[in-house]
Amino acid sequence: MSTPTHLETDILIVGAGGAGMYAAVAAARGGARALLVDKSLISRGGSTIMAQMTVAVAVGEEEPDHWTHHLADTLKAGRGLCNGELAAALCREAPDRIREMDRWKVGWARGENGRMRQVMAPGHQLQRCVYVDFLNTGPAVAKTLRTQVAQGDNISRVSGLAILDVVVRDGRVTGAVGMNMEDGAPVTIAAKAVILAGGGLTRLYARNSASVNMNGDSYAMALRAGADLIDMEFPQFFPIGHLAPRLVGMDPIMWDPFRYKLGGRLLNGDMDEFIENYGESDSGKYTAMRDVTSYAIWKELEAGRGSPAGGAYLSFEHIPENQLRAAFGPVIDRLADNGIDLTRRPVEVAPIAHYHMGGVRVDARMRTRVSGLYAAGEAVGGANGANRLSGNAISEAFVFGERAGRFAAEDLSELGADWGAADAAPILDELAALKSRARPVDQHRDATSGKLWRELQELMWNDVGLLRTGDKLARALDRIQAMRRDDLAALQPPGDDAFNMEILDWYDLRAGLLVAETIAMAAINRRESRGAHQREDLPNQDPDFEKNQTVTLDGETPVLGWMDVVRAPRELSPVEAAQ
Amino acid sequence: MPETVTIKVQRGAEGEFLHTEAFDVPYRQGMSALDALMWIRANIDSSLAIRYSCINANACKECMMRIDGRTQYACTARLGTDGATIEPLPNKRLIRDVVTDIVPPKETLGNLLGGIK
């Protein structure tokens, strides 16, 4: 193979959503050169741009608040498993980031008094969540950060560059290898530090929100580079994803903001309220936490009290049309285009894979255990424990992104091993081998990789999803391991150079299958129910399991371990700080 | 309501023989053109090149293409019972199938190698 294109930078940032873009800005501010890459388009490909509304932050504009209150709510939602140092950093620094975004003119919604509007969201004790109207938080945030990135003197950016692996020598990061989607050319990148900001894993589930790029890349890359993961048994299911009627041009998470502003009533197939039967109240208000609501909807469905399409009803029929329009303006017209009139009939909703609480294990400086390897945003595990509060994901993207960029820039003088082409050779060889076993052109029509993806998604949804049993998990694990070993190895992508989707499928599946295996293993090993991890065969929360599970990679085999929960530093104890 | 509809898609990369291929896709009321293209990738031909990210939200704005002669986002273009003819954007450089070069010039590898910034 000819010598690949070679790039050099101080800090390579993999993934250009909210966390990656903020990391680039902070790294450049810290005096470093940053290279920001995304396998899709910069600022468009992640899940940040899909954020509909809420960003949790104790700015206290709507009513008095303090970051320690935000921390207390975050820890409570996390069911005892939050990494207190990360959760404290998230809550303490979120106001700085939200005000910085405000100076960059993101356009947070404001009241007539000029103060930021903040809404109540489930699990928060106060009106804490800022937003951009109408359902425009994600696009506004993405545009604002894209502008900052473009203005950064030391930031280079490349869209359509898929990073295949991080290059490590003797436990130190030396860079990465990628593939340029447009022409399929391999690219080597020398970097003293790499920040993984590639988001979560929702694509592993048949029913999901967020972008197609969320297939666990950052988790898999971290594992293969020698870092460890934490809390992999805790993907979050958003309870009221849109189910029916068919709706185009809107994210399935869209009913979340409707409930923030208007309440709405959640009803089972018999048109009865039911959340009260599961220990939370929800009547006309939006207060029940996500794990409980998802569980309740699923249980109603199992009991034969589901809606026709297999979920629950969400009704706004009691809200006058002028109120609907005042709250959501043009969105009401988009709903009408889809044949939906909220004043006349309810919609159907059901749980949907939405976020991952687990992820790359980092310390408070966002460092993994591999020198020079950092993580930011949803790629980070631990801050949200067993259940994430509404609104913490965008705050986390900003705060962890800024911290990762800032600390990586500070650490640069101590980081870095010399780039050696030999270290990258195995990754380049693998790509070349994949192309050399290309299927013949006369077998052009082939959907083996598409079918493998679909099988994985159905398997994860049915057996490693919302309600789990030891038997189903074990069955799924067997199949996932066989898919990793046999099916992936048998794939024969075509040999084309330009925009070869099946080469990308192979890498996506390699990451997705490895990550799926870690979820199934961790879910089998956690012999209790807690937060988003619900075991029907082990329905109770067990104090002995108030600890975190870690995953490392031994050769190709994931290995589990347990560790004590990292608690918030004593001086940051919310009770003390509030006194 | 028909059980299937026919989707005609332009295939081939820049510099290759460009041709149209037809796929029969199961029809569901309200489905989008992107639903059909994703179904083809998942069930008939995974090599079909499409550019999309957010799937259904019309947020990422990556899935712009030519559908029945009109430039549209595939995720919001409703599929009629007559199926559809899907082509790449006519005014952008073709990369493969319905994928064109919509990357902002300052975000390309070529630009970086050219030394700007």
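## Contact between chains A and B

Chain A gives 47 residues to the contact and chain B gives 38 residues. Two residues are in contact if their C-beta atoms, placed from the backbone, lie within 7 Å. This is a predicted model: local features need pLDDT of at least 70, side-chain atom pairs count only at pLDDT 80 or more, and totals for chains, interfaces and linings use all residues. Residues are numbered from 1 along each chain as its sequence is written, while chains are lettered from A and ligands numbered from 1 in the order in which they are written.

On chain A, strand S1 (5-8), helix H4 (137-151), strand S6 (155-159), helix H12 (448-463) and H14 each supply at least two residues of the side that touches chain B. H12(A) gives the largest share, six residues. That side of chain A holds 20 nonpolar, 15 polar and 12 charged residues.

## H12 against H13

H12(A) packs on helix H13 (residues 470-490) of chain A at about 165°, with the axes 10 Å apart. That makes the two helices roughly antiparallel (angles over 145 degrees).

From H12(A), the contact takes Leu452(A), Leu456(A), Leu459(A) and Asp463(A). Among the H13(A) residues are Leu473(A), Ala476(A) and Met483(A). Six residues of this contact are nonpolar, none polar and five charged.

## Helix H14

H14(A) covers residues 501-525. Its 25 residues reach 35 Å from first C-alpha to last, close to the 36 Å expected at 1.5 Å a residue. Of these 25 residues, 23 are buried (20 or more other C-beta atoms within 10 Å of the residue's own).

Key:
Helix = DSSP H or I, 4+ residues; strand = E, 2+ residues; numbered from the N terminus. Expected span 1.5 Å × (residues − 1). Buried ≥ 20, exposed ≤ 12 C-beta atoms within 10 Å, placed from the backbone. Nonpolar A, V, L, I, M, F, W, Y, C, P; charged D, E, K, R; others polar. Axes fitted to C-alpha atoms, helices over the stretch in contact; angles between N-to-C directions. Parallel < 35°, antiparallel > 145°, perpendicular 65-115°, else oblique.
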